[in-house]
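Work through these exercises with the sequence and the model side by side. Try each task before you read its solution.

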Amino acid sequence: MEPENLRENWELLGDVFYEITEVYEMEWADKVLKNYKLVMAPYGGMVALAWDSKQLTRGQPKRFIEIYNGAGVLLNEIATQYERITVVNMGWSNNEDLIVVTDIGSIYMYDFDGTPLSQSSATSEIQDSRVIEAKVFPTYGGTKTGVALLTGSYRFYFNSDVSEDNPQYKLMADVPGLDNPPSSWAVLPHDRSIEILVSNNNKLYLIDRGSCSPKYPQRMMQSTGAVIEMSVLYKTLDIALFSENGFLWVGSSDLQCMYTEFDTCVTNRPSQLSWCGTYDSMIDMSAAIILVWDALNQYQVVGVGVEAESSIHYTDSSICVCHEIDGARIISSKSHELIRRVPQAMVDVFRVGSSQSGALLYDAQREFDQSSHKANDYMQEIVERDDIELAVNQCISAAACSTKPKLQKALLRAASYGKCFLANDSPEHFVDMCKTLRVLNEVQSFRIGIPLTYQQLHSFTIKGLIKRLVRMRLYYLALPIVEYLKIPEGQQMVLSHWAMDKVKRSKESDEAIADAIFKRVGPSDSISYASVANEAKNYGRTELAIKLLDYEPRSAEQVPALMRMSRFTNAIEKAIESGDMDLVHTVIVTMESKQTPRDFINTLKDYPVASAWYAKWCSLTDSQKLHDHFYTQDNFEASALLSIKELEHSMMLDAKIKLLESINRHFTDGSKELESRLTKEQIALLRRQMALQVKVADIIGLNLNETISILVQRALLADAENVRKEFKISDKKFWWVKVRALAQTRNWPELEKFAKSKKSPIGYSPFVMACIDNNNKAEAIRYIERVSKEEQVEFYIDLNMPEKAAEIAKSAKSIDLLDNVLNAIGSQNTVLTETINSFKNGL
């Protein structure tokens with residue numbers, strides 16, 4: 001493109017160039033825009049049209065809202081079906097959701113495809129007085145969206161965040177003397193408050209929730225009359241005021257600083273007053289003001305610069321002006337145009353007679369393509385200035401600002417040419433710009449209809465663009481872009497939305513949808529299958545959700561999702577497979593709280609790992625639950641062992657007996673005959689001990705042997721005999737216990753009497769050992785003669801009577817016994833050693 005052709009659309013306002021560029025020829029060529037309310041989302045977003053009830057028309061007005069892209073291509077229709085209410089105004093939220101305000105104060109929010117997102121109602125006072133005007137505005141620094149209302153009772157209300165659950169309107173202070181609709185009003189959102197500037201007759205009032213104060217714009221002529229139109233630049237909170245005498249006043253929203261004042265010489269009320277662009281700073285006040293007048297279908301567009309310069313254009317088509325950060329969009333039934341300040345980089349390169357290094361580099365490259373020696377002259381001048389890097393950057397910046405692909409290529413070719421003269425030049429900036437412009441040109445195409453400029457993209461961000469493409473279901477474009485630009489987590493975002501959209505819209509079978517998603521995404525964590533499954537559940541496709549969760553590789557997301565769908569069997573299986581016992585525990589606790597006791601029991605029965613973990617948890621937290629669990633699982637042995645453990649800590653006798661009876665029942669139910677019999681004996685023993693407690697205070701808790709022993713020691717021989725008979729203790733066991741007990745109490749006469757009572761069933765060795773253990777040598781000797789010779793030898797050795805042991809061994813004629821004696825005495829008793837050896841020789 002020749003610079004001369006480029007500059008044809010440039011127009012100078014003061015010392016600032018502006019240009020009007022046609023972006024699209026609109027697809028809706030038959031639309032008469034004056035019959036509609038039109039709002040366009042910023043950054044080249046969607047356009048919403050709703051029938052304007054104030055327009056006189058034949059027939060029934062349309063009861064739906066139309067959504068178009070920037071090229072006027074119809075995307076969706078939102079059926080409102082309002083019978084007794086009217087759309088007062090619309091706007092786009094910070095999330096690009098459509099906000100619709102009705103004449104009864106209701107706020108409807110829609111996704112751009114017509115999906116209802118939320119609905120809120122106003123108070124009865126607002127509904128009764130009806131809404132006559134409404135404005136949608138950004139709040140909290142542009143992160144939220146608010147709505148302000150003017151009702152038929154001439155009172156103002158506002159809601160600072162329509163995305164809240166059940167948002168409520170708040171009443172503003174009343175304006176003095178306001179008994180008719182105000183001449184104009186505008187919302188001024190601050191960080192933590194909302195103010196409204198109201199023009200009533202020739203006075204301006206600033207109101208908030210609790211006060212109303214008059215305002216006087218600095219240096220504004222009092223003769224200018226009432227302010228009949230206002231427009232706020234929300235980024236900087238600057239304001240433009242148009243008076244009934246044709247004066248335009250531009251300044252700060254507090255009205256204390258005037259930037260410019262201009263007499264338009266037109267006293268009719270403009271149909272629109274809009275900002276064109278945004279101030280870069282208080283020093284660079286580059287924004288202009290656009291006014292539109294409709295006079296007998298002849299539309300006059302006046303642009304006013306900050307230097308009080310103006311430019312007038314005429315069109316025969318109704319238009320709507322939409323503000324952008326770098327300009328304004330002029331939408332008509334025929335075309336979509338962008339008016340903006342010419343970026344400084346473009347001015348530097350293409351202004352007539354420009355001596356900037358970027359302009360020289362652009363000319364040098366063109367001359368080089370024509371094999372002209374002038375290319376060397378231009379480059380020599382740049383080299384002498386030492387501005388090669390500056391020239392390259394100016395050409396790259398100019399390419400970014402251009403909306404014409406051919407011009408972009410020419411500028412980038414010039415930048416590439418200049419880079420050849422740079423040493424150690426980094427290519428990243430150049431490459432990134434080429435990629436970004438390629439993406440911009442693709443989305444700006446007519447079939448996509450997103451007319452973003454580079455400056456808008458810088459503020460909107462690539463991620464914002466990808467989100468918009470995803471919402472428009474342009475996945476075939478969004479996915480290549482994120483892969484091309486290598487956007488972190490971009491692929492995950494696109495594929496996740498694609499999968500969710502397929503779940504919502506596809507009419508295929510559950511299996512076919514799940515297979516299609518898995519085939520495209522694969523067995524990876526590039527998307528959250530759990531999130532997609534949750535979307536499927538929300539749309540009533542539970543079986544599809546279950547199939548999708550089978551593909552989820554992260555158990556921490558898979559299992560909770562299954563629980564939310566009350567698929568506890570699947571959840572416990574997946575939790576056990578993961579090996580994460582914390583996850584198993586979470587499932588068990590959730591199952592117990594959500595399921596009936598019967599279902600909970602039946603589920604645990606099928607999963608031994610879960611059952612064991614539940615038992616362990618109950619053992620630490622609630623023993624009664626553990627008892628119930630063992631009972632329901634028919635685990636009688638475990639129930640008995642648990643009761644035995646509790647028995648150790650039980651102090652009350654009655655409680656001990658009850659626990660033992662419970663243990664007996666568990667063993668009986670579990671067919672543990674031996675354990676049951678022993679438990680019964682323990683119960684009987686405890687009862688016997690309770691009866692004997694009067695005679696022996698410390699008998700409770702002793703075992704059977706200890707009980708008999710202590711009775712013998714206390715000389716309660718008859719009671720000991722009764723215990724023996726009651727518990728059917730064998731004679732051998734009873735004799736062992738009684739012998740030891742008598743010896744321990746040194747009741748030697750009773751021991752002798754017992755030994756002589758009848759033939760001992762255990763022999764007499766226990767008598768000897770009991771006497772030896774209790775240090776009574778004489779009593780031991782009394783019983784030694786009644787044992788075998790081998791035992792006599794051993795006992796005499798234990799009693800330190802080796803001579804007697806040797807004598808018994810000799811009488812037994814046993815060399816082995818004699819050797820045992822020799823081993824016992826060692827080499828200390830030489831005389832006895834010789835005697836024993838002589839015995840051995842004599843045998």
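This is a predicted model: local features need pLDDT of at least 70, side-chain atom pairs count only at pLDDT 80 or more; totals for chains, interfaces and linings use all residues.

Residues are numbered from 1 along each chain as its sequence is written, and side-chain values use heavy atoms, with hydrogens and water left out.

**Exercise 1.** Describe how helix 27 packs against helix 29.

*Solution.* 
- Locate them: helix 27 covers residues 731-744 and helix 29 covers residues 765-773. Helices are DSSP runs (H or I, at least four residues), and strands are too (E, at least two), numbered from the N terminus.
- Take the axes, which are lines fitted to C-alpha atoms over the stretch in contact, with angles from 0 to 180 degrees between N-to-C directions. They come within 9 Å and cross at roughly 25 degrees.
- Classify: angles under 35 degrees count as roughly parallel, over 145 as roughly antiparallel, 65 to 115 as roughly perpendicular and the rest as oblique. Helix 27 and helix 29 are therefore roughly parallel.
- List the contact (heavy atoms within 4.5 Å). Helix 27 gives Trp-735, Trp-736, Val-739 and Ala-743, and helix 29 gives Pro-766, Phe-767, Met-769 and Ala-770.

**Exercise 2.** Find the angle between helix 16 and helix 17, then name their contact residues.

*Solution.* 
- Helix 16 (residues 555-564) and helix 17 (residues 568-578) pack at about 160 degrees, with axes 8 Å apart.
- That makes helix 16 roughly antiparallel to helix 17.
- From helix 16 come Ser-555, Gln-558, Val-559, Leu-562 and Met-563. They meet Phe-568, Asn-570, Ala-571, Lys-574, Ala-575 and Ser-578 of helix 17.

**Exercise 3.** Which residues of helix 26 are buried, and how are they arranged around its axis?

*Solution.* 
- Apply the cut-offs: buried is under 20% relative accessible area, exposed over 50%, partly exposed in between (1.4 Å probe, protein chains only).
- In helix 26 (residues 717-726), Asp-719, Ala-720, Val-723 and Arg-724 are buried.
- Seen down the axis, these residues fall within an arc of 145 degrees, so they line one face of helix 26. The arc is that of the directions from the helix axis to the C-beta atoms.
- The face turned away from the buried side carries exposed Ala-718 and Lys-725.
- Lys-728 follows helix 26 and has a positive phi, near 55 degrees.
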